[in-house]
Each structure stands twice: as structure tokens, then as C-alpha cells.
Amino acid sequence: MDIPTAFRAEYDTGRPGAVIGFLSEYDALPQVGHGCGHNLIGTIGVGSGVLLSKLMEHTGGKVIVFGCPAEETSGAKVKMSELGCFDELDAAMMAHPESKYYKSGVSLAMEALRFKYFGKATRAATSPQDGINALEGVIQLFVNINGLRQHILPSARIHGVIRNGGVAPNIVPDYASAEFHIRATSKEYLEELSRKVRNCAQASALSTGTRVEISNYEESYCDLRTNQNLSAQVTENLHLFGVEEINEPRKSFGSIDMGNVSHRCPGIHPYFPVVDHGYVTAHSKDFAAAAVTDYAHEQMGLVIKSFAKTGYDILTDQDLRSRIRQEFECQNV
Ligand SMILES: [Zn+2]
């Protein structure tokens, strides 16, 4: 695997059985530190793996901890999924810090598109007829997408910025560019929207006489498919270890690279709190401070125990293992 800060650690009983995976993240944010609490996610992955390995004296199977870097930028789980890193797993588990406990829900599939428009520079005042305005290509792209946006599903998102718009008003821009994120609840609808957005770009190039190049500038994310059988087992175990309130999944319009993992094996991505009351915004210094408190560490400990117990349940309960597998197969026909 050509990702220098990723890792894979395995404990194998040498006997046949289920394969349990725990996923660690550990990247932080510039200026903010662990404002997304990945210090806790990193420890949960390693802690759950070590704890489960201590419970496997009489079971078969194996447990693997995956170190998954760069979640905040171009998530490594995308590449790792494509390489087949998670294909052997009967369950992939990770949990993310938040302000409350939430069951694993959905996240949106996402594609990141860059549009480069090329025109011909000229003096804007004295010889405009000799120029081709690349910025007009970008402006028409936004106009076309605004028209499209009226007729997309309310759960989808298309949002973009202009990255280059020319250098001076007295020069017709020969180059302009824009970047967009397109998000949808399913990979299939994302593909349909992406095709339409690309058509918007081609149409604007045609109408302005510019030339457009379209490319992906970040990894594309799949939607998160929560395995409900796996999720229910984790919820049951969290209750067992004393967690009382676990909320139904949040309505999320974000995108995470765990989505890609959930298309390769049964997966979950629930949330746990770093504060005992109120709300703290992710990607803030307040969140970074909350992520190192005793309270956050206590919740982390409960998640570790619940994850390890869930792994043990799957290793020892063939029926549970089959139900999780069957659900995954049905989601992926
Ligand atoms: Zn995060």
C-alpha cells in the first residue's frame, strides 16, 4: 500500500472464523489541533483491536486494526477500499466524536469537480472582438447549474467557488476556473447529477466559445450504507456498558470516506459525545479542548468495550455473522 502514514495491524488465531476490523483516524486540523477529535478515533481503533485480541483465546478468526490517514482532506479510505483492504472483513467499525450519542446513519456520496476554461486574451476596451472570455465560461457554468438546481432532489447538494477569474479588468481573461462539490444520497443519483453538471459545463463552453477541461480534484466519496444488524449489536452493547441515551441517526448532508468502506464490507459509523451536556461545534478549538477531557476519555472507553464485545459476539455467534453478511449482500445487489 503506497500510503506512508497508513498502517495495518493483525491478530490471527490461526483458526477459521470471522474477520473483525476497527478503523482508526488520527489526522488533526491546522491551527486548531484535534478539533474533530480524531485522537479519540485513533485510540478507539487500537483499543478495540487490542481488547478483542485478549478475548480470542477460544475463538477462531482474526482482528485487524487499520490506520486510515487524511480523513479531513482526500480520505485514504477511498484508496484503501479500491485496493481491497477491507474486502475480507465481516464487520468494519469506527465511531466519531460529537456532542451526543447517535446511531450510525447515512452520509452523502460526493464528487469533486474542477472546471478549467480556456479563452483568448485581448485588450478589453480597444479590441474585444478579438478575444474569447474564459471568465464568461465560468459565469455561464454557474448560471446553468443554478437552473439545474431547481430540479434536483432536496437531499442533494451542488456548491462551488470560482478559483481563477482573470487578472485585470482591462484584459479579457484567457483562463478561469471553478471547483464544485456535488453530493447525493446514492452513488447512482450522484452519477446522474454529475453527468448533468458536466453538460452544464459543456453548454457554457459552447455558448461562450471557450474550451473546458473537467477533472476530479479530490477523491470521490460513496454514500454511507449503515449495516443495521451490526449497528443494533453495537447499540445493545453500549446499553450493556451503561450508556442510557442513544439517539436516532442524525440527518447528515456531509460526506465521509467511511462511505466507501461500507460498499466493500458491512460497516458502521456511529457518534459518541465529548461533552456531558450542551453542544460543541466540530473543527473548533473548543472541540479540541473537549476531546482531551476525562469525560471524553470515559465515553471513549465505553465505545472500546462495546466495539470489542460486538467483535466477540460476531466471532462466537454464527447467526449474527450471517445476518450481518446477508444484509450487506442485499444492499449491494
Ligand atoms: Zn472527523
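Helix α4 (residues 187-208) lies across strands β6, β7, β8 and β9, and its direction runs at about 160 degrees to that of β8. The model described here is a predicted one. The strands β6 to β9 belong to an open sheet of 4 strands, in which the order is β7-β8-β6-β9 and the pairing is antiparallel. At the edges of this sheet stand β7 (157-164) and β9 (211-216), each of which pairs on one side only, and from one strand to the next the twist averages 20 degrees. The antiparallel strands β7 and β8 (residues 175-184) are joined by 7 bridges, and G160 has F180 of β8 as its bridge partner. Helix α3 (residues 134-149) also packs on this sheet, where it touches β6 (109-118), β7, β8 and β9, while its direction makes about 20 degrees with that of β8.

A second sheet, likewise open, is formed by 5 strands in the order β1-β3-β2-β4-β10, and here the pairing is mixed. Its edge strands are β1 (7-12) and β10 (267-268), each pairing on one side only. Strand β4 (residues 91-93) runs parallel to β10 and is joined to β10 by 2 bridges; in β10, G267 is the bridge partner of A92. Helix α8 lies across β2 (19-24), β3 (62-67) and β4, and runs at about 160 degrees to β2.

Helix α8 (residues 294-316) also packs with helix α5 (residues 228-240), the angle between them being about 130 degrees and their axes lying 9 Å apart. Because of this angle, α5 is oblique to α8. The crossing in which α5 passes α8 is right-handed. On the side of α5 the contact is made by Q233, V234, N237 and L238, and on the side of α8 by L302, S306, F307, K309, T310 and D313.

At the level of the whole chain, the domain assignment gives domain 1, made up of residues 7-107 + 223-331, and domain 2, which covers residues 109-216. The centres of domain 1 and domain 2, taken over C-alpha atoms, are separated by 38 Å. The contact between the domains takes 5 residues from domain 1 and 7 residues from domain 2, and on the side of domain 1 that touches domain 2 the residues divide into 2 nonpolar, 2 polar and 1 charged.

Definitions and conventions: Residues are numbered from 1 along each chain as its sequence is written. This is a predicted model: local features need pLDDT of at least 70, side-chain atom pairs count only at pLDDT 80 or more; totals for chains, interfaces and linings use all residues. Domain bounds come from an automatic or database domain assignment. Two residues are in contact if their C-beta atoms, placed from the backbone, lie within 7 Å. Ala, Val, Leu, Ile, Met, Phe, Trp, Tyr, Cys and Pro count as nonpolar, Asp, Glu, Lys and Arg as charged, and the others, Gly among them, as polar. Axes are lines fitted to C-alpha atoms, for helices over the stretch in contact, and angles run from 0 to 180 degrees between N-to-C directions. Angles under 35 degrees count as roughly parallel, over 145 as roughly antiparallel, 65 to 115 as roughly perpendicular and the rest as oblique. A crossing is left-handed if the near helix is turned anticlockwise from the far one by less than a right angle, and right-handed if clockwise. Two strands pair if DSSP finds at least two bridges between them.
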